[in-house]
Amino acid sequence: MLTVDFSRFPLAPGDRVLDLGCGAGRHAFECYRRGARVVALDRNGEEIREVARWFAAMREAGEAPAGAEATALEGDALALPFPDDSFDVVIVSEVMEHIPDDKGVLAEMVRVLRPGGRIAVTVPRYGPEKVCWTLSDAYHEVEGGHIRIYRADELLAKMREAGLRPYGTHHAHALHSPYWWLKCAFGVNRDGDEAALPVRAYHKLLVWDIMKKPLATRLAEDLLNPVLGKSFVAYATKPHPPSDADAPLGGERA
């Protein structure tokens, strides 16, 4: 289940991609399949080891084209182990809402992104997320949980302040919002067979939708995303620095 829409966020074979806070690796795997040179980074060592195993399995199965590369790396989003301008593309999906120093994370992303490079940032959308917080304290009052809810204009303002130039936004995963409302209402920590019947039933629907991708639910989600989309997605570029050609006549910059 991808949150980033690659039709709005072009990716070319050979692009150097950082999936920052990659989690289970869903975006990293898609970039690898598209021929990119991918680094999947997360602070959770167990998840990184699992992502590395999936990269190896994909390589063995021939799922990635010639020239594609993939590395899974444990690391800190606030102190990335890469030189400046290392990547053509950075993806940070459902990460910013977990980190107290979100401005520091943005600064690191901008540092390692080359001028002219592209970045995709996704966070839980304000409205659906606010419902979850209202229904359940346990949803967000856990170690490593969500510590803030972003409004769209707030996130875009922070991206601009970091030196990025946003060029597009959209919402995603409308069908997932009711699922999380149900979990929050019936017990967010009750999983599997312990989950309430409505939660289990809706989960089966989501799994069926992800696996089968039927046209009816795809159309329904497209229609509902502007209203109920669980995630807010923003795309931006890192501008090139001013060149000497941009200097005022007389040879001095303003």
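I looked up helix α5 first. Helix α5 (residues 152-161) lies across β5 (113-124), β6 and β7 (231-237). Its angle to β7 is about 25°. For axes I took lines fitted to C-alpha atoms, for helices over the stretch in contact, with angles from 0 to 180 degrees between N-to-C directions. Helices (H or I, at least four residues) and strands (E, at least two) are DSSP runs, numbered from the N terminus.

I noted the source next. This is a predicted model, where local features need pLDDT of at least 70, side-chain atom pairs count only at pLDDT 80 or more, and totals for chains, interfaces and linings use all residues. Residues are numbered from 1 along each chain as its sequence is written, and side-chain values use heavy atoms, leaving out hydrogens and water.

Then I traced the sheet. The order is β3-β2-β1-β4-β5-β7-β6, an open sheet of seven strands with mixed pairing. Strands β3 (69-74) and β6 (165-172) are the edges, each pairing on one side only. From one strand to the next, the twist averages 15°. Two strands pair if DSSP finds at least two bridges between them. I found β2 (residues 37-42) parallel to β3 over six bridges. In that region, L41 stands opposite L73 in β3.

Last, I checked H146. I located H146 in the loop between α4 (126-135) and α5. Is H146 buried or exposed? H146 counts as buried because its relative accessibility is 13% (buried is under 20% relative accessible area, exposed over 50%, partly exposed in between; 1.4 Å probe, protein chains only). Not counting residues up to four places away in sequence, H146 touches E97, H98, P124, E129, W133, Y139 and H140 (contact: heavy atoms within 4.5 Å).
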